[in-house]
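Walk through this model one region at a time. Keep the sequence and the coordinates side by side as you read.

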Amino acid sequence: HTPGNAQDAFNLPKSYVEQIRWSRLMYNLNAYIGAITDLRAYYAYSKFKITTSEPFVTEFFTQCAFGKNFDLYEFILRLSLSKEKFGEAIPWGSRKMDGVWPKTGKPRFVWDYFIMLEPELVEIKKSLIGSNKPQFFLRPSRDLEDLVARMDNNDAEVSAYSNKIAERIKERIRKRELVPMDPSTVSAIQNLTDASATRGTPPYQRLFVTYILEDFIRLAQMAQANRYHFPIELWTLGDLDKNILPNVADLENVRNIVTTAIQSPPAVIFFPPILKYEALGVSGKLLSIKSDYDYIQKNYFVGLGVSEEMILGSSGIFSSTETSSNQAFFRGLIMERDQMESWMTWNFFEPLARWNNLKIKKGSILSPILPTYEFDKTLDYALEERETETRKYLFEKGKYPSKRLLAKLRENPEEIEAELKSELNTIFDDGKRIAAPAIRLAMGKNNGQPAPAGAGAGAAVAPKGGGGQAAEEVGK
């Protein structure tokens, strides 16, 4: 015996395309699988900021990533969902020249478009000898074949596309051959489960057998429920004990009487006691499916790495309650986020840096200027709560700077400082609420007016002997 020869294995999808089709149906039709997949796909991500060592590069990257026609945050959500559904996501882009750099006059290149390809439309191959870098091929779809056929027939509606598709590409599409893709503009984020794998493994694959079981149980229940609502009616004519047996004509006569009565409600039938009626329903005969469905749901949760509490919102994942399952969930999401950050760095921003020669010298090597990312929302709320409490404790002990604490709380320290200063000696200030004794002292010496810039605690003191002017100039 091998698992592949089991009876339910014969119902499993055999080809990769069929596995993708199953995965899409499971996500669309199963509430638990859909909710779990959405949680895993979206929880790790939030809006994020891009930072580089050069402000003008940061501004350029930000413009490329977050514009009117393209938003990198929304795009990585789609990539993540595809990876959670199909085991891989395949983004494809194209560059264009967008003016010139003001200082150098050299051409400035940006992404013209960035889309995500359906996994069924892409073939991925790796060389057995030499480079292990994957090669991507587009599998011509029926739409592409129709488009080329219309071009060949000089259809005016598609004439604008004629010059955008090379003739050698058209010929491959006509012959239904794989079309090679530019490796610098196509990439893949994959869930590879074997050393020699070229395609990502759909996470649902481990649930295919369970899904088949659920399907058969549901079909059986539907058949039984249908019988419950529409039972078989058994009309008995005659009496064996009294040797009263009807002939064919008697049965046909009774059938006509019953049919006529049912079609003209309320049904009234007058007949001797030799006619009996029985509804063959399913009362007491329904399948006991609670244990089966419990088994199926547990398989879904374990197979996709979550718990029921996470889906229903009652888990400690959203509070400071710690569980090992939550931490395992977080570590998996951190790994997913790290993988997505790596993809953004090397497949979205690094080409921009390379095309535009945006480099910085590190030692004796010129390296492309690449960004770091700061997400607005944390993954682990419990850890963030503990860290915040630790910072507050150190702040109260005078061992943690105020501005850094405010920054960790996602507040702007400079704005808060300016607003608090503006409230001193106003109706909002009772003399105690705003803790600024040094500023109050300076205001007292200045007839209650706000102290000059630099006054107060920590203000620089000009050295005696004529050094004040020099210190001021240095400050400037």
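Asp-71 sits in the loop that connects helix H3 (55–65) to helix H4 (72–86). Helices (H or I, at least four residues) and strands (E, at least two) are DSSP runs, numbered from the N terminus. Asp-71 has a relative accessible area of 17%, so the residue counts as buried. Buried means under 20% relative accessible area, exposed means over 50%, and partly exposed lies in between (1.4 Å probe, protein chains only). Leaving out neighbours within four places in sequence, Asp-71 contacts Lys-47, Ala-65 and Phe-66. A contact here is heavy atoms within 4.5 Å.

The model is predicted; local features need pLDDT of at least 70, side-chain atom pairs count only at pLDDT 80 or more, and totals for chains, interfaces and linings use all residues. Residues are numbered from 1 along each chain as its sequence is written, and side-chain values use heavy atoms, with hydrogens and water left out.

How far can the coordinates be trusted? pLDDT is the predictor's confidence in each residue, from 0 to 100. The protein chain averages 82, and 86% of the residues score at least 70. Confidence is highest in H4, at 97. It is lowest in helix H16 (residues 468–475), at a mean of 37. Over residues 453–476 pLDDT stays under 50, and the model has eight contacts there beyond four places in sequence. Where pLDDT is low, the predicted coordinates should not be read in detail.

Now the strands. Two strands pair if DSSP finds at least two bridges between them. Strand E2 (residues 88–100) and E3 run antiparallel and are joined by nine bridges. Within this pairing, Met-97 has Phe-109 in E3 as its bridge partner.

Leu-117 also belongs to strand E3. Its relative accessibility is 11%, so Leu-117 counts as buried. Not counting residues up to four places away in sequence, Leu-117 touches Ile-90, Trp-92, Val-122 and Met-181. Leu-117 and Leu-138 are 21 residues apart along the chain, and their C-alpha atoms are separated by 9.3 Å.

Further strand pairs involve E5. Strand E4 (residues 122–125) pairs with strand E5 (residues 135–138) in the antiparallel sense, over four bridges. Here Ile-124 has Phe-136 in E5 as its bridge partner. E5 also runs antiparallel to strand E6 (residues 179–180), joined by two bridges. Phe-137 stands opposite Pro-180 in E6.

Next come the charged pairs. The whole structure contains 24 salt bridges. A salt bridge is a side-chain nitrogen of Lys or Arg within 4 Å of a carboxyl oxygen of Asp or Glu. One of them joins Glu-336 and Lys-83, at 3.1 Å from N to O. Glu-336 is in helix H11 (residues 324–355) and Lys-83 is in helix H4, so this pair links distant parts of the chain, 253 residues apart. Both Glu-336 and Lys-83 are buried.

Another salt bridge pairs Glu-145 with Arg-176, whose closest N and O atoms are 3.2 Å apart. Glu-145 lies in helix H5 (residues 142–152) and Arg-176 in the loop between helix H6 (167–174) and E6, so the pair ties together parts 31 residues apart in sequence. Arg-176 is exposed, at 61%.

Helix H7 (residues 208–229) holds both Asp-215 and Arg-218, three residues apart, about one turn of the helix. These two form a salt bridge with closest N and O atoms 2.2 Å apart. Asp-215 is partly exposed at 27% relative accessibility, and Arg-218 is partly exposed at 33%. Elsewhere, salt bridges with shared partners join Asp-152, Glu-167, Glu-171, Arg-174 and Lys-175 into one network.

Trp-235, Ile-257, Ile-262, Ile-269, Phe-271 and Tyr-277 make a nonpolar patch of about 510 Å². Patches are made of residues with over 30% relative accessible area and no salt bridge; like charges are joined within 9 Å, and nonpolar side chains (Val, Leu, Ile, Met, Phe, Trp, Tyr) within 5 Å. Accessible areas come from the Shrake-Rupley method with a 1.4 Å probe; for residues, only the protein chains shown count as cover. Ile-269 lies in the loop between helix H8 (248–263) and strand E9 (275–280). Ile-269 is partly exposed, with a relative accessible area of 31%.
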